[in-house]
Amino acid sequence: DQMEEIREITLKVKHPDFKCKFNQCIGVLVQRPGTAIHHRFYSIAKVPAKESERNRFTILVKRCNYIDAFSGEEVQGIASNYLCDRKMGDEISITGPYPLPFRIPNDHYANLIMI
C-alpha cells in the first residue's frame, strides 16, 4: 500500500479585488507543452478570519495517480501533480472564485456521498 500524499496549499492572489470565502471553489489552469489548457476545480478549505486578508486561502490537494485499465500504465493526474510539485513562491493561474456546485451540510460530521 502506497501512502497517499495530501497537501495543504495556501495561495495568495495578487489582484487587490480578489476575495473568497468558505463554500466557494477556484479553478486551477495548467498548461503543458503541446496540450490544451487543463482547468480543474478545487474547494476552498480555509480562509483568514479578517475580511482584509481574503486574498489568501487554503486548498487541500490529493496527488492523483492511477493505472490505466487498457494500457496498464500509470497515469498522473494533471492538476493535482502540478500543484503538489509547486514550491513556495511559484506562481500559478487560477479562475474564480465560484460557488460550490453542491451544498455542504452544516453538520461537519455528516456523511457525504460524492459521485
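Two residues are in contact when they have heavy atoms within 4.5 Å. Keep that in mind for the tour. What you have open is a predicted model, where local features need pLDDT of at least 70 and side-chain atom pairs count only at pLDDT 80 or more, while totals for chains, interfaces and linings use all residues. Residues are numbered from 1 along each chain as its sequence is written, and side-chain values use heavy atoms, with hydrogens and water left out.

**Stop 1: Gln24**

Select Gln24, in strand β2 (residues 24–30); strands here are DSSP runs of E with at least two residues, and helices are runs of H or I with at least four residues, numbered from the N terminus. Leave aside its neighbours within four places in sequence, and Gln24 is in contact with Lys19, Ser43, Ile44, Pro97, Tyr98 and Leu100. Is Gln24 buried or exposed? Gln24 counts as buried because its relative accessible area is 12%; with a 1.4 Å probe and protein chains only, buried means under 20%, exposed over 50%, and partly exposed in between.

Now show the side chain of Gln24 and look for the backbone nitrogen of Lys21, which it reaches at 2.8 Å. A polar contact is a pair of N or O atoms within 3.5 Å; within protein, one must be able to donate a hydrogen and the other to accept it, and residues adjacent in sequence count only if both atoms are side-chain atoms.

**Stop 2: Asn23**

Step back to Asn23, in the loop between β1 and β2. Its phi is near 70 degrees, a positive value in a residue other than glycine. Most residues other than glycine have a negative phi, and most peptide bonds are trans. With a relative accessible area of 37%, Asn23 is partly exposed.

**Stop 3: Pro97**

Pro97, one of the contacts of Gln24, sits in strand β7. Zoom in on the peptide bond between Gly96 and Pro97: it is cis, with omega about 10 degrees.

**Stop 4: the sheet**

Colour the strands next. In what order do the five strands of the open sheet run? The order is β1-β4-β3-β2-β7, with antiparallel pairing; two strands pair if DSSP finds at least two bridges between them. At the edges are β1 (6–12) and β7 (93–99), each pairing on one side only.

Walk across the sheet pair by pair:

- β2 and β3 (residues 38–46) are antiparallel over six bridges; Leu29 faces His39 there, and Gly27 has Phe41 as its bridge partner.
- β3 and β4 (residues 56–62) are antiparallel over two bridges.
- β1 and β4 run antiparallel, joined by seven bridges; Lys12 has Arg56 as its bridge partner.

**Stop 5: the largest pocket**

Finish by selecting Thr10, Leu11, Lys12, Gly89 and Asp90, which lie nearest the centre of the largest pocket among its 19 lining residues. A pocket is an open set of points on a 1 Å grid over the protein atoms alone, with protein on both sides within 12 Å along at least five of seven lines, and lining residues have an atom within 4 Å of a point; a cavity, by contrast, is a set of points where a 1.4 Å probe fits but cannot get out. Which strand gives the most to this lining? β1 does, with six residues.
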